[in-house]
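Reader: I would like to learn how to read individual features of a model such as this one, beginning with a loop and ending with a helix and a ligand. Could we go through them in turn?

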Amino acid sequence: MPTLKLNKGEGVKLFGPMAFTLLRGTVEILGKKVVVGERVIIHRLKSYAVVALEDSELDLSMVNEAQIKRLEDNEAYFEWVKLSEEIVSSNPTVVVVIGEVDSGKSSFTTLLLNKALERGMRPALVDADVGQADVAPPGYVSLAYPSEQTLWNRGLKPVRMCFVGDNKPQRSTDAIVNYVKRLVEQAVSEGRTPVVVDTDGWMKEVGAVLYKTKLVVEVRPDYLVHVGGSDPSFSALERLGVKYRTVPSPSVKKVRDRSERREYRSDRYREFFANAAMVKYDLNQLVFVDMPLLQGARVDLHDERVVYSSVLGGKYFVVARGDTRRVYEELSASLGREKLTVYPQGFERGLYVSLSDGKGSECPGIVEKIDFDAGKLLARTPCPELPVRVVRASTIRLTEDFKEEYIEY
Ligand SMILES: Nc1ncnc2c1ncn2[C@@H]1O[C@H](COP(=O)(O)OP(=O)(O)OP(=O)(O)O)[C@@H](O)[C@H]1O
Ligand SMILES: [Mg+2]
């Protein structure tokens with residue numbers, strides 16, 4: 001396997017999948033110091049700028065599309081380092097990082113956290129990207145307290161997860177803003193600063209700018225860092241005392257296409273549910289959120305094809321066996337078409353939910369079955385000990401191999 005020699009101050013760009021062991025010297029990646037003997041793994045979906053702090057030697061193992069490129073003099077990373085040092089040395093409480101998809105938001109966030117750790121600070125990360133969440137599984141806004149320098153926020157242990165129930169921010173902007181605010185407040189009250197907020201890449205539309213602006217107004221960061229772009233509407237936030245800074249996106253980097261993003265989400269579900277246990281809960285001890293069928297009052301429709309039915313806000317929600325289209329046509333003749341939703345028996349299998357004790361502890365779950373006759377909910381969860389009182393539904397149903405499908409209520 002090749003050995004790569006770098007003189008002090010020299011750098012390269014490494015594209016995964018690749019691994020190296022540092023044989024001599026010291027190199028820095030996203031502000032993390034790699035020391036002699038340390039092995040660094042660069043994932044297939046990742047690329048990094050590697051800079052030698054001393055004369056160094058790397059023992060590389062490369063596979064498939066792995067690549068090594070020269071680091072240009074105008075490499076974005078050098079500007080990132082300057083800005084991250086300016087920010088960290090000002091002792092900020094909160095920093096929000098925004099930018100388009102694949103601009104480098106999460107990497108810049110990691111750099112800031114690593115620089116903060118190097119100074120002996122106790123930083124926090126709020127991962128507000130519900131689509132490409134690194135800390136929690138998809139659909140959550142989460143909080144983590146990194147204690148060691150890393151190259152990727154994936155793998156940090158969540159201190160708290162708040163369920164948004166969607167993997168796109170568009171329909172849930174207010175919930176995301178509220179959760180981010182709550183988690184920032186928690187981190188600060190637990191003595192963790194700086195709190196770095198990593199966000200999703202939804203930036204180009206009017207709604208996106210309104211949402212990011214609202215986030216900044218609510219969270220009031222000391223710095224708003226825009227990676228790979230600039231927008232005068234964000235400069236206006238300086239009126240609040242927020243320092244708006246822009247840095248370029250690395251010009252050459254790995255990007256993820258849509259299917260890689262989907263696969264990344266599947267990987268995350270798989271990771272969280274790898275050691276999940278099957279738990280049985282009593283329906284009559286639970287409060288449901290965003291699931292009208294189980295929130296409504298039970299009614300008897302006197303139809304033997306109906307497994308379960310309830311009424312909420314003047315509308316009927318029905319689970320039926322057999323030909324659900326026919327059940328719908330027949331029942332809607334008396335109940336009204338707009339007033340009726342019919343689900344096929346077994347529709348709940350694979351539904352991605354969040355289980356909570358109602359006091360702030362949340363954990364993901366996948367519904368296996370609802371036994372309406374026995375009044376039981378059967379779900380897989382990595383937190384079988386959690387005393388569950390609240391079940392929040394999502395719009396996502398997961399297949400056996402953790403692929404996402406969508407469900408409507
Ligand atoms: N200096 C750099 N040179 C080359 N590649 C880099 C550099 N910094 C980060 N990258 C790579 O660029 C890609 C995008 O970075 P990152 O995941 O941080 O972006 P993001 O804006 O958070 O993306 P997303 O919208 O998916 O959350 C990643 O593969 C990352 O490893
Ligand atoms: Mg990201």
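Reader: Where is R220 found?

Author: Helices and strands here are DSSP runs, helices being H or I with at least four residues and strands being E with at least two, numbered from the N terminus. On that basis R220 is found in the loop between α4 (206-219) and β15. This is a predicted model, in which local features need pLDDT of at least 70 and side-chain atom pairs count only at pLDDT 80 or more, while totals for chains, interfaces and linings use all residues. Residues are numbered from 1 along each chain as its sequence is written, and chains are lettered from A and ligands numbered from 1 in the order in which they are written.

Reader: What is the phi of R220, and why does R220 count as partly exposed?

Author: A residue is buried if 20 or more other C-beta atoms lie within 10 Å of its own, exposed if 12 or fewer, and partly exposed in between, with C-beta atoms placed from the backbone. R220 has 15 C-beta neighbours inside 10 Å and therefore counts as partly exposed, and its phi is near 50 degrees, a positive value in a residue other than glycine. H302 likewise has a positive phi, of about 50 degrees, although it is not a glycine; it lies in the loop between β19 (297-298) and β20 (306-312), and because it has 7 C-beta neighbours inside 10 Å it counts as exposed.

Reader: How should I read a helix, and which residues of α1 are buried?

Author: One can begin with the length, where the expected span is 1.5 Å times one less than the number of residues. The 14 residues of α1 should span 20 Å, and its end C-alpha atoms are 20 Å apart, which agrees. The buried residues of α1 are A76, Y77, W80, S84, I87 and V88. They cover an arc of only 90 degrees around the axis, which puts them on the same side of α1; the arc is that of the directions from the helix axis to the C-beta atoms. On the other side of α1, K82, E86 and S89 are exposed.

Reader: What do the buried residues of α1 pack against?

Author: Two residues are in contact if their C-beta atoms, placed from the backbone, lie within 7 Å. The buried residues of α1 pack against β7, β10 (94-99), α2, β15 (223-227) and β16 (243-247). Just after α1, N91 takes a positive phi of about 60 degrees.

Reader: How many residues surround ligand 1, and why does ligand 1 lie between two domains?

Author: A residue is near a molecule if its C-beta atom, placed from the backbone, lies within 6 Å of it. The shell around ligand 1 has 23 residues, the closest being S106, S107, G201, P250 and K253. The elements that give two or more residues to this shell are β7 (47-52), α1 (76-89) and α2 (105-118). Domain bounds come from an automatic or database domain assignment; domain 1 (3-70) and domain 2 (76-256) both give residues to the shell, so ligand 1 lies between them.
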